[in-house]
Structures are given as structure tokens and as C-alpha cells.
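Open your viewer, keep the selection panel handy, and follow along stop by stop.

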Amino acid sequence: MSVTGGCQCGAVRYRVEGELANPHLCHCRMCQKAAGNYFMPLGGAEREKIAVTRGEPGWFHSSDIVRRGFCAKCGTPMFFDPVDSDRLLVTLGSLDDPSRYKPVSEDSVESRVTFIAEWTGTRQKVTEDDFPENELAVIRSSNRQHPDHDTDTWPEAKR
Ligand SMILES: [Zn+2]
Ligand SMILES: [Zn+2]
């Protein structure tokens, strides 16, 4: 079995043979910045089990020992690569099924934003209730996000 994922625009796709291990959230400041988010969800596998199946990621060495892979066209962060390790990590939000792995731990909690603990009390919105129907129609008809499965060609020919 395998697990697939890729960036938002579909220029970069990857496949993991087998399952990812140690799904976790990293709250370190470098992951916050690299994700543009409050934390980075990551899971890892042996390096040779992870193959890029379309395109080439861009890479940024956030330090001498770690480089981060992303789509150079749309910016989606996908890889966390400790260069001297035999393991490679992928971002769980870039998986085709982001609900496949429930994080089992949180790392670098010393830099976790403090209000995360209060999230259970936030207002909950459903997209369909929150946007006017005409805006939703525009998003649906102009959606350039790659579907959550591998495709033979992308972008697809206009129907
Ligand atoms: Zn992309
Ligand atoms: Zn981190």
C-alpha cells in the first residue's frame, strides 16, 4: 500500500510506500514560519520509501542540517529533510487524505502560541453557511487546486 500527496497546484506530487510514522505537530518557530501557520503537522518514513512522482520541489536550507521542500509554483510546504538522516518527513496537510494520521505528540511546545489551548471555545463556521452562494460558485468554477489523488496529466484539458 502507499500514501500519496502533493502541492495545491499539482506541479509536485509524491508517494510514500507503506505508512508514515510518528505523526506529530511541531510548534517550533522555524516550522511556524515555514508553514505560515501556528504549527507544522509532520510524519516521517525512510528516505527511500518516499518518491517525488511529478515535478521537482524547491528547497530552502533553514539551517545547515535541515532543508525544507516546497512547490516553487504555488508555495505549498511538503518536505522536512534532516539531510544527514535516513528519514524524510512530509507535511500531513499535503497528503491527499489529511485525516489519515492523528498526531500522537506535539514538539517544541515552548514556542506554541498560547491561545491554542483555548481553541475548543472558538466559534465554529461551516463554509457553505459563511460565504454567499455566488462566491462559492466562483470558487468552484475557477478552482485550480489539484484533486486529492494522482492524475495522469495536469492541468487537465479543459472540458
Ligand atoms: Zn504547486
Ligand atoms: Zn519544527
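Start by selecting the zinc ion (ligand 1): its four donor atoms subtend angles of 106 to 112°, so the arrangement is tetrahedral (four donors count as tetrahedral if all angles lie between 85 and 135 degrees). Before going further, note that this is a predicted model, in which local features need pLDDT of at least 70 and side-chain atom pairs count only at pLDDT 80 or more, while totals for chains, interfaces and linings use all residues. Residues are numbered from 1 along each chain as its sequence is written, chains are lettered from A and ligands numbered from 1 in the order in which they are written, and side-chain values use heavy atoms, with hydrogens and water left out.

**Around ligand 1**

Now show the side chains of Cys 7, Cys 9, Cys 71 and Cys 74: their SG atoms are the protein donors of this zinc ion (ligand 1), lying 2.3 to 2.4 Å from it. Donors here are N, O and S atoms within 2.8 Å of the metal (3.2 Å for Na, K and Ca); water is not among the atoms, so sites may look incomplete. Along the chain, the donors of the zinc ion (ligand 1) are spaced C-x1-C-x61-C-x2-C. Distant parts of the chain are linked here: Cys 9 sits in the loop between β1 (2–6) and β2 (13–17), and Cys 71, 62 residues apart from it, in the loop between β7 (66–70) and β8 (77–82). Helices (H or I, at least four residues) and strands (E, at least two) are DSSP runs, numbered from the N terminus.

Buried means under 20% relative accessible area, exposed over 50%, and partly exposed in between (1.4 Å probe, protein chains only).

**Around ligand 2**

Select the zinc ion (ligand 2) next. Which residues coordinate it? The SG atoms of Cys 26, Cys 28 and Cys 31 do, at 2.2 to 2.3 Å, and these donor residues follow the spacing C-x1-C-x2-C in sequence. Cys 26 and Cys 28 are both buried; Cys 31, at 1% relative accessibility, counts as buried too.

**His 27**

Click on His 27, in the loop between β3 (21–26) and α1 (29–35). His 27 has 0% relative accessibility and so counts as buried. Beyond residues up to four places away in sequence, His 27 touches several others (contact means heavy atoms within 4.5 Å), including Tyr 38, Phe 39, Asp 107, Arg 112 and Ile 116.

**Out to the sheet**

Finally, colour the strands. β3 and β4 (residues 40–46) run antiparallel, joined by four bridges, with Cys 26 opposite Met 40. β3 and β10 (residues 105–107) run parallel, joined by three bridges. Select His 24 to look both ways: its bridge partner is Leu 42 in β4 and Ser 105 in β10. Two strands pair if DSSP finds at least two bridges between them.

Zoom out for the open sheet of seven strands, with mixed pairing and the order β6-β7-β8-β9-β4-β3-β10. Its edge strands, β6 (58–61) and β10, each pair on one side only.

Terms used:
Tetrahedral: all angles 85-135°; square planar, octahedral: opposite > 155°, others 65-115°.
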